[in-house]
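Follow it with the structure open.

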Amino acid sequence: MKKVVILQHRLLHYRLGLFEGLRSASAARGIDLHLVHGQPTKREEKKRDVGTLSWASVVVNRYVSIGGKDILWQPYPEEHRDAELVVVMQENRLVSNYPWLLLRGFHKKKLAYWGHGRNFQTTKPSGLRERWKQYMVDSVDWWFAYTDMTRDILIADGYPAERITVLDNAIDNERFEADLATISDDRLREVRAELSIGDTTRVGLYCGSLYPDKRLDYLVAAADRIRESAPDFQVVIIGDGPSAADIQAAAESRPWLHWRGVRKGVEKAAYYRLADVILNPGLVGLHVLDAFCAGLPMVTTSDARHSPEIAYLKDGENGLVVNGASDAYADAIVTLLGDSEAYQRIRANALAAARRYTLTNMIDHFVDGMERCLAMERKK
(Lines give C-alpha, C1' and ligand atoms only; values in the text may rest on other atoms or scores of the structure.)
Protein backbone atom coordinates (compact mmCIF):
# COMPACT_ATOMS: atom_id res chain seq x y z
CA MET A 1 0.00 0.00 0.00
CA LYS A 2 1.08 3.58 -0.69
CA LYS A 3 1.56 5.56 2.52
CA VAL A 4 0.15 9.09 2.83
CA VAL A 5 0.44 11.41 5.84
CA ILE A 6 -1.76 14.48 6.40
CA LEU A 7 -0.48 17.12 8.84
CA GLN A 8 -2.90 19.27 10.85
CA HIS A 9 -1.58 21.61 13.53
CA ARG A 10 -4.78 20.86 15.51
CA LEU A 11 -7.66 18.45 14.98
CA LEU A 12 -10.93 20.34 14.60
CA HIS A 13 -14.03 18.57 15.86
CA TYR A 14 -15.98 19.16 12.66
CA ARG A 15 -13.24 17.37 10.67
CA LEU A 16 -13.56 14.05 12.54
CA GLY A 17 -16.05 12.63 10.06
CA LEU A 18 -13.84 13.66 7.16
CA PHE A 19 -10.76 11.90 8.48
CA GLU A 20 -12.65 8.77 9.51
CA GLY A 21 -14.17 8.58 6.05
CA LEU A 22 -10.86 9.33 4.36
CA ARG A 23 -9.07 6.58 6.23
CA SER A 24 -11.68 3.99 5.25
CA ALA A 25 -11.97 5.11 1.62
CA SER A 26 -8.19 5.30 1.23
CA ALA A 27 -7.70 1.76 2.54
CA ALA A 28 -10.27 0.47 0.05
CA ARG A 29 -8.17 1.95 -2.75
CA GLY A 30 -4.75 0.79 -1.59
CA ILE A 31 -3.65 3.88 0.37
CA ASP A 32 -2.41 3.66 3.95
CA LEU A 33 -3.54 7.01 5.35
CA HIS A 34 -2.18 8.53 8.56
CA LEU A 35 -3.02 11.76 10.35
CA VAL A 36 -0.56 13.76 12.46
CA HIS A 37 -1.82 16.60 14.63
CA GLY A 38 -0.78 18.72 17.57
CA GLN A 39 -2.60 21.11 19.90
CA PRO A 40 -4.32 24.50 19.52
CA THR A 41 -2.65 27.72 20.56
CA LYS A 42 -3.76 29.53 23.72
CA ARG A 43 -5.96 31.77 21.57
CA GLU A 44 -7.49 28.78 19.80
CA GLU A 45 -8.18 26.88 23.03
CA LYS A 46 -10.97 29.34 23.82
CA LYS A 47 -12.97 28.04 20.85
CA ARG A 48 -13.23 24.56 22.38
CA ASP A 49 -13.47 22.98 18.94
CA VAL A 50 -10.84 20.23 19.24
CA GLY A 51 -11.57 16.56 18.59
CA THR A 52 -9.68 13.27 19.02
CA LEU A 53 -9.11 10.18 16.90
CA SER A 54 -7.68 7.02 18.43
CA TRP A 55 -5.59 6.20 15.35
CA ALA A 56 -4.04 9.65 14.84
CA SER A 57 -0.40 10.37 15.74
CA VAL A 58 -0.28 13.20 18.30
CA VAL A 59 2.79 15.43 18.55
CA VAL A 60 3.60 18.34 20.85
CA ASN A 61 3.61 21.64 18.99
CA ARG A 62 5.86 24.53 19.86
CA TYR A 63 4.48 28.05 19.67
CA VAL A 64 5.82 31.56 19.91
CA SER A 65 3.77 34.74 19.67
CA ILE A 66 5.25 37.56 17.60
CA GLY A 67 3.35 40.78 17.07
CA GLY A 68 0.07 39.18 18.09
CA LYS A 69 0.57 36.29 15.65
CA ASP A 70 1.23 32.68 16.67
CA ILE A 71 4.17 31.04 14.94
CA LEU A 72 4.15 27.22 15.03
CA TRP A 73 6.63 24.39 14.78
CA GLN A 74 5.01 20.96 14.43
CA PRO A 75 7.32 17.93 14.83
CA TYR A 76 7.12 15.11 12.34
CA PRO A 77 7.04 11.56 13.80
CA GLU A 78 9.95 9.28 12.97
CA GLU A 79 7.61 6.36 12.27
CA HIS A 80 6.17 8.20 9.27
CA ARG A 81 9.45 8.92 7.51
CA ASP A 82 8.52 6.24 4.96
CA ALA A 83 5.50 8.18 3.66
CA GLU A 84 5.37 8.62 -0.12
CA LEU A 85 3.11 11.69 0.04
CA VAL A 86 2.89 14.33 2.76
CA VAL A 87 -0.02 16.81 2.77
CA VAL A 88 0.51 20.09 4.67
CA MET A 89 -1.75 23.07 5.27
CA GLN A 90 -0.99 26.25 3.34
CA GLU A 91 -0.34 28.61 6.25
CA ASN A 92 2.57 31.06 6.45
CA ARG A 93 2.81 30.69 10.23
CA LEU A 94 3.56 26.94 10.04
CA VAL A 95 7.34 27.28 9.96
CA SER A 96 7.70 23.50 10.17
CA ASN A 97 6.44 23.42 6.56
CA TYR A 98 9.48 25.21 5.20
CA PRO A 99 12.00 22.37 5.47
CA TRP A 100 9.57 20.27 3.42
CA LEU A 101 9.07 23.06 0.87
CA LEU A 102 12.64 24.31 0.54
CA LEU A 103 14.40 20.93 0.61
CA ARG A 104 12.15 19.05 -1.81
CA GLY A 105 15.12 18.24 -4.03
CA PHE A 106 16.83 16.35 -1.21
CA HIS A 107 14.09 13.84 -0.38
CA LYS A 108 11.94 11.49 -2.45
CA LYS A 109 8.60 12.27 -0.88
CA LYS A 110 5.89 14.02 -2.83
CA LEU A 111 4.49 17.10 -1.15
CA ALA A 112 1.01 18.58 -1.41
CA TYR A 113 -0.69 21.72 -0.15
CA TRP A 114 -4.22 21.76 1.24
CA GLY A 115 -5.55 25.28 1.44
CA HIS A 116 -7.42 28.33 0.19
CA GLY A 117 -4.77 29.84 -2.07
CA ARG A 118 -5.30 33.20 -0.36
CA ASN A 119 -6.40 34.58 2.99
CA PHE A 120 -9.90 35.73 2.09
CA GLN A 121 -10.33 37.71 5.32
CA THR A 122 -7.10 39.70 5.16
CA THR A 123 -7.27 43.48 5.23
CA LYS A 124 -4.08 43.60 3.12
CA PRO A 125 -4.62 41.38 0.06
CA SER A 126 -1.47 42.82 -1.55
CA GLY A 127 0.58 42.72 1.64
CA LEU A 128 3.79 40.82 2.31
CA ARG A 129 2.07 37.76 3.78
CA GLU A 130 -0.12 37.26 0.72
CA ARG A 131 2.75 37.90 -1.69
CA TRP A 132 4.82 35.29 0.15
CA LYS A 133 1.95 32.80 -0.06
CA GLN A 134 1.72 33.46 -3.78
CA TYR A 135 5.47 33.04 -4.18
CA MET A 136 5.39 29.63 -2.46
CA VAL A 137 2.36 28.33 -4.35
CA ASP A 138 4.54 26.41 -6.83
CA SER A 139 6.62 24.66 -4.16
CA VAL A 140 4.56 21.46 -4.06
CA ASP A 141 3.80 18.50 -6.30
CA TRP A 142 0.03 18.70 -5.85
CA TRP A 143 -2.72 21.00 -4.60
CA PHE A 144 -5.88 20.08 -2.71
CA ALA A 145 -7.98 23.20 -3.28
CA TYR A 146 -10.93 24.07 -1.05
CA THR A 147 -13.18 25.26 -3.89
CA ASP A 148 -13.31 26.21 -7.56
CA MET A 149 -12.33 29.71 -6.47
CA THR A 150 -9.07 28.38 -5.02
CA ARG A 151 -8.39 26.47 -8.24
CA ASP A 152 -8.87 29.66 -10.29
CA ILE A 153 -6.46 31.54 -8.00
CA LEU A 154 -3.82 28.82 -8.39
CA ILE A 155 -4.15 28.72 -12.16
CA ALA A 156 -3.86 32.52 -12.30
CA ASP A 157 -0.66 32.17 -10.26
CA GLY A 158 0.71 29.78 -12.87
CA TYR A 159 0.12 26.45 -11.15
CA PRO A 160 -0.79 23.64 -13.62
CA ALA A 161 -4.49 22.75 -13.58
CA GLU A 162 -3.78 19.04 -14.03
CA ARG A 163 -2.11 18.94 -10.61
CA ILE A 164 -5.04 20.46 -8.73
CA THR A 165 -7.84 18.56 -6.99
CA VAL A 166 -10.89 20.63 -6.07
CA LEU A 167 -12.26 19.13 -2.86
CA ASP A 168 -15.52 21.11 -2.64
CA ASN A 169 -14.97 21.63 1.08
CA ALA A 170 -17.95 20.29 3.03
CA ILE A 171 -19.29 19.13 6.36
CA ASP A 172 -21.54 16.21 7.26
CA ASN A 173 -24.93 17.38 6.03
CA GLU A 174 -26.72 14.14 6.84
CA ARG A 175 -27.32 14.92 10.51
CA PHE A 176 -28.80 18.35 9.75
CA GLU A 177 -30.95 16.89 6.97
CA ALA A 178 -32.21 14.28 9.47
CA ASP A 179 -33.00 17.04 11.98
CA LEU A 180 -34.93 18.96 9.32
CA ALA A 181 -36.96 15.86 8.50
CA THR A 182 -38.10 15.50 12.12
CA ILE A 183 -39.74 18.95 12.26
CA SER A 184 -43.50 18.38 12.04
CA ASP A 185 -46.18 20.91 11.15
CA ASP A 186 -47.27 20.83 14.79
CA ARG A 187 -43.76 21.78 15.89
CA LEU A 188 -43.71 24.65 13.40
CA ARG A 189 -47.01 25.93 14.78
CA GLU A 190 -45.48 25.83 18.27
CA VAL A 191 -42.47 27.87 17.14
CA ARG A 192 -44.71 30.41 15.42
CA ALA A 193 -46.79 30.70 18.58
CA GLU A 194 -43.65 31.20 20.70
CA LEU A 195 -42.64 34.11 18.43
CA SER A 196 -46.20 35.40 17.89
CA ILE A 197 -45.76 34.90 14.14
CA GLY A 198 -48.75 34.21 11.89
CA ASP A 199 -49.06 31.18 9.63
CA THR A 200 -48.50 33.20 6.44
CA THR A 201 -45.91 35.64 7.78
CA ARG A 202 -42.63 35.72 5.84
CA VAL A 203 -39.53 35.11 7.97
CA GLY A 204 -35.90 35.99 7.39
CA LEU A 205 -33.38 33.94 9.39
CA TYR A 206 -29.81 34.72 10.38
CA CYS A 207 -27.87 31.81 11.87
CA GLY A 208 -24.23 32.07 12.93
CA SER A 209 -21.75 33.78 15.17
CA LEU A 210 -22.35 37.43 15.97
CA TYR A 211 -19.30 39.56 15.20
CA PRO A 212 -18.49 42.60 13.00
CA ASP A 213 -17.55 40.73 9.81
CA LYS A 214 -21.13 39.44 9.70
CA ARG A 215 -22.37 43.01 8.98
CA LEU A 216 -25.24 42.79 11.46
CA ASP A 217 -25.89 46.54 11.45
CA TYR A 218 -26.37 46.29 7.69
CA LEU A 219 -28.77 43.39 8.27
CA VAL A 220 -30.90 45.37 10.72
CA ALA A 221 -31.00 48.39 8.40
CA ALA A 222 -32.08 46.15 5.51
CA ALA A 223 -34.79 44.54 7.65
CA ASP A 224 -36.14 48.00 8.52
CA ARG A 225 -36.38 48.72 4.81
CA ILE A 226 -38.05 45.37 4.02
CA ARG A 227 -40.79 46.12 6.55
CA GLU A 228 -41.67 49.29 4.68
CA SER A 229 -42.84 47.05 1.82
CA ALA A 230 -43.86 44.02 3.90
CA PRO A 231 -45.05 45.27 7.32
CA ASP A 232 -45.51 41.75 8.70
CA PHE A 233 -41.98 40.57 7.79
CA GLN A 234 -40.21 39.04 10.78
CA VAL A 235 -36.53 38.39 11.47
CA VAL A 236 -35.13 35.62 13.66
CA ILE A 237 -31.48 35.66 14.71
CA ILE A 238 -29.88 32.60 16.26
CA GLY A 239 -26.29 32.64 17.46
CA ASP A 240 -24.06 34.44 19.91
CA GLY A 241 -20.78 36.32 19.98
CA PRO A 242 -19.13 39.71 20.54
CA SER A 243 -21.90 41.62 18.73
CA ALA A 244 -24.76 40.04 20.69
CA ALA A 245 -25.31 43.23 22.72
CA ASP A 246 -25.88 45.18 19.49
CA ILE A 247 -28.53 42.70 18.36
CA GLN A 248 -30.18 42.72 21.76
CA ALA A 249 -30.33 46.52 21.67
CA ALA A 250 -31.84 46.48 18.17
CA ALA A 251 -34.46 43.93 19.24
CA GLU A 252 -35.61 46.09 22.16
CA SER A 253 -37.06 48.68 19.77
CA ARG A 254 -38.19 46.18 17.12
CA PRO A 255 -40.77 43.63 18.34
CA TRP A 256 -40.47 41.84 15.00
CA LEU A 257 -36.74 41.13 15.57
CA HIS A 258 -36.28 37.95 17.61
CA TRP A 259 -32.89 37.01 19.05
CA ARG A 260 -32.93 33.42 20.27
CA GLY A 261 -29.29 32.84 21.22
CA VAL A 262 -27.50 29.64 20.26
CA ARG A 263 -29.67 26.82 18.94
CA LYS A 264 -28.41 23.44 17.79
CA GLY A 265 -29.75 20.17 16.45
CA VAL A 266 -33.51 19.94 16.04
CA GLU A 267 -33.99 23.36 17.66
CA LYS A 268 -31.86 24.94 14.95
CA ALA A 269 -33.62 22.88 12.28
CA ALA A 270 -37.02 24.17 13.39
CA TYR A 271 -35.99 27.76 12.64
CA TYR A 272 -34.71 26.74 9.22
CA ARG A 273 -38.07 25.10 8.50
CA LEU A 274 -39.78 28.26 9.67
CA ALA A 275 -37.74 30.59 7.46
CA ASP A 276 -38.38 31.77 3.91
CA VAL A 277 -34.95 33.29 3.30
CA ILE A 278 -31.51 33.25 4.95
CA LEU A 279 -30.17 36.73 5.70
CA ASN A 280 -26.38 36.79 5.62
CA PRO A 281 -24.99 40.10 4.34
CA GLY A 282 -21.56 39.46 5.86
CA LEU A 283 -19.02 36.67 5.71
CA VAL A 284 -20.26 33.47 4.06
CA GLY A 285 -18.54 30.20 4.95
CA LEU A 286 -19.50 26.55 5.30
CA HIS A 287 -22.86 27.47 6.84
CA VAL A 288 -24.12 28.14 3.29
CA LEU A 289 -24.55 24.35 3.18
CA ASP A 290 -27.22 24.57 5.90
CA ALA A 291 -29.22 26.89 3.65
CA PHE A 292 -28.82 24.48 0.76
CA CYS A 293 -29.95 21.51 2.88
CA ALA A 294 -33.07 23.43 3.90
CA GLY A 295 -33.73 24.49 0.29
CA LEU A 296 -33.58 28.17 1.22
CA PRO A 297 -32.13 31.11 -0.71
CA MET A 298 -29.20 32.70 1.12
CA VAL A 299 -28.78 36.39 0.38
CA THR A 300 -25.37 37.96 0.87
CA THR A 301 -23.33 40.88 -0.48
CA SER A 302 -20.56 41.01 -3.05
CA ASP A 303 -18.16 43.15 -1.02
CA ALA A 304 -18.09 41.20 2.28
CA ARG A 305 -14.90 39.37 3.31
CA HIS A 306 -16.08 35.87 2.54
CA SER A 307 -14.53 32.45 3.04
CA PRO A 308 -13.80 30.28 -0.05
CA GLU A 309 -17.22 28.63 0.22
CA ILE A 310 -18.75 31.80 -1.25
CA ALA A 311 -17.93 30.05 -4.55
CA TYR A 312 -20.91 27.74 -3.90
CA LEU A 313 -23.40 30.62 -3.85
CA LYS A 314 -24.45 31.47 -7.41
CA ASP A 315 -26.26 34.76 -7.80
CA GLY A 316 -29.75 34.26 -9.17
CA GLU A 317 -29.27 30.49 -9.31
CA ASN A 318 -29.22 29.09 -5.76
CA GLY A 319 -29.16 32.37 -3.81
CA LEU A 320 -28.51 36.09 -4.25
CA VAL A 321 -25.29 38.09 -4.11
CA VAL A 322 -26.23 41.77 -3.87
CA ASN A 323 -24.02 44.69 -4.80
CA GLY A 324 -24.81 47.87 -2.92
CA ALA A 325 -26.07 49.39 0.31
CA SER A 326 -28.67 47.94 2.67
CA ASP A 327 -31.57 49.38 0.68
CA ALA A 328 -30.46 47.47 -2.43
CA TYR A 329 -30.15 44.32 -0.31
CA ALA A 330 -33.65 44.81 1.09
CA ASP A 331 -35.16 45.51 -2.33
CA ALA A 332 -33.59 42.33 -3.74
CA ILE A 333 -35.22 40.27 -0.98
CA VAL A 334 -38.62 41.91 -1.45
CA THR A 335 -38.42 41.27 -5.19
CA LEU A 336 -37.43 37.64 -4.68
CA LEU A 337 -40.20 36.91 -2.19
CA GLY A 338 -42.70 38.54 -4.54
CA ASP A 339 -41.67 36.42 -7.54
CA SER A 340 -42.98 32.93 -6.84
CA GLU A 341 -41.45 31.37 -9.97
CA ALA A 342 -37.94 32.70 -9.29
CA TYR A 343 -38.21 31.90 -5.60
CA GLN A 344 -39.18 28.25 -6.20
CA ARG A 345 -36.47 27.87 -8.85
CA ILE A 346 -33.79 29.11 -6.45
CA ARG A 347 -35.08 26.83 -3.72
CA ALA A 348 -34.87 23.83 -6.04
CA ASN A 349 -31.34 24.78 -7.10
CA ALA A 350 -30.29 25.18 -3.46
CA LEU A 351 -31.44 21.64 -2.73
CA ALA A 352 -29.54 20.42 -5.79
CA ALA A 353 -26.38 22.18 -4.52
CA ALA A 354 -26.76 20.34 -1.20
CA ARG A 355 -26.38 17.07 -3.10
CA ARG A 356 -23.12 18.25 -4.67
CA TYR A 357 -21.38 19.69 -1.63
CA THR A 358 -21.39 16.63 0.61
CA LEU A 359 -18.81 15.05 2.87
CA THR A 360 -19.00 11.86 0.82
CA ASN A 361 -18.11 13.72 -2.36
CA MET A 362 -15.30 15.59 -0.62
CA ILE A 363 -13.83 12.29 0.56
CA ASP A 364 -14.03 10.85 -2.95
CA HIS A 365 -12.30 13.91 -4.41
CA PHE A 366 -9.56 13.73 -1.78
CA VAL A 367 -8.80 10.05 -2.44
CA ASP A 368 -8.91 10.60 -6.20
CA GLY A 369 -6.35 13.38 -5.83
CA MET A 370 -4.07 11.26 -3.68
CA GLU A 371 -4.20 8.45 -6.23
CA ARG A 372 -3.41 10.77 -9.10
CA CYS A 373 -0.56 12.45 -7.23
CA LEU A 374 1.00 9.14 -6.25
CA ALA A 375 0.77 7.87 -9.84
CA MET A 376 2.39 10.91 -11.49
CA GLU A 377 6.03 11.76 -11.75
CA ARG A 378 7.35 14.25 -9.22
CA LYS A 379 7.01 17.88 -10.19
CA LYS A 380 10.38 19.33 -11.21
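Helix 1 has 13 residues, which at 1.5 Å a residue should span 18 Å; its end C-alpha atoms lie 19 Å apart, so the two values agree. The expected span is 1.5 Å times one less than the number of residues. Helices here are DSSP runs of H or I with at least four residues, strands are runs of E with at least two, and both are numbered from the N terminus.

The model is predicted, so local features need pLDDT of at least 70 and side-chain atom pairs count only at pLDDT 80 or more, while totals for chains, interfaces and linings use all residues. Residues are numbered from 1 along each chain as its sequence is written, and side-chain values use heavy atoms, with hydrogens and water left out.

**Helix 1 and its surroundings**

Leu 16, Leu 18, Phe 19, Gly 21, Leu 22, Ala 25 and Ser 26 are the buried residues of helix 1. Buried means under 20% relative accessible area, exposed means over 50%, and partly exposed is in between (1.4 Å probe, protein chains only). These buried residues pack against strand 1 (2-8), strand 2 (31-37), strand 7 (110-115) and helix 14. Contact means heavy atoms within 4.5 Å. Just after helix 1, Gly 30 has a positive phi of about 80°.

**Helix pairs**

Two packed helices are described by the angle between their axes and the distance between the axes. Axes are lines fitted to C-alpha atoms, for helices over the stretch in contact, and angles run from 0 to 180 degrees between N-to-C directions.

| Pair | Crossing angle | Axis distance |
|---|---|---|
| Helix 1 (16-28) and helix 14 (359-375) | about 50° | 9 Å |
| Helix 7 (185-195) and helix 10 (265-274) | roughly 85° | within 10 Å |
| Helix 8 and helix 12 (326-338) | roughly 50° | within 8 Å |

Angles under 35 degrees count as roughly parallel, over 145 as roughly antiparallel, 65 to 115 as roughly perpendicular and the rest as oblique. A crossing is right-handed if the near helix is turned clockwise from the far one by less than a right angle, and left-handed if anticlockwise. In contact counts, Ala, Val, Leu, Ile, Met, Phe, Trp, Tyr, Cys and Pro are nonpolar, Asp, Glu, Lys and Arg are charged, and the others, Gly among them, are polar.

Helix 1 and helix 14 are therefore oblique to each other. Their crossing is right-handed. From helix 1, Gly 17, Leu 18, Gly 21, Leu 22, Ala 25 and Ser 26 meet Leu 359, Met 362, Ile 363, Phe 366, Val 367 and Met 370 of helix 14. That contact has nine nonpolar, three polar and no charged residues.

The axes of helix 7 and helix 10 cross at roughly 85°. That makes the two helices roughly perpendicular. Helix 7 contributes Asp 185, Arg 187, Leu 188, Val 191, Arg 192 and Leu 195, and helix 10 contributes Ala 270, Tyr 271, Arg 273 and Leu 274. By class, six are nonpolar, none polar and four charged.

Helix 8 and helix 12 are oblique to each other, in a right-handed crossing. Tyr 218, Ala 221, Ala 222, Arg 225, Ile 226 and Ser 229 of helix 8 touch Ser 326, Asp 327, Tyr 329, Ala 330, Asp 331, Ile 333 and Val 334 of helix 12. Eight of these residues are nonpolar, two polar and three charged.

Helix 8 has 14 residues, which should span 20 Å at 1.5 Å a residue; its end C-alpha atoms are 21 Å apart, in agreement. Its buried residues include Leu 216, Tyr 218, Leu 219 and Val 220.

**Positive phi in loops**

Most residues other than glycine have a negative phi. Asp 168 is not a glycine, yet its phi is positive, about 55°. Asp 168 sits in the loop between strand 9 (164-166) and helix 6 (173-182), and is buried at 5% relative accessible area. Arg 215 also has a positive phi, near 55°. Its place is the loop between strand 10 (203-207) and helix 8 (216-229).

**Single residues**

Ile 164 lies in strand 9 and counts as buried at 7% relative accessibility. Ile 164 touches residues including Trp 142, Trp 143, Leu 154 and Arg 372. The C-alpha atoms of Ile 164 and Tyr 113, 51 residues apart along the chain, are separated by 9.7 Å.

Leu 102, in helix 3 (97-102), counts as exposed at 58%. Gln 248, in helix 9 (244-252), is partly exposed at 42%.

Definitions and conventions:
Lists of a residue's contacts leave out its neighbours within four places in sequence.
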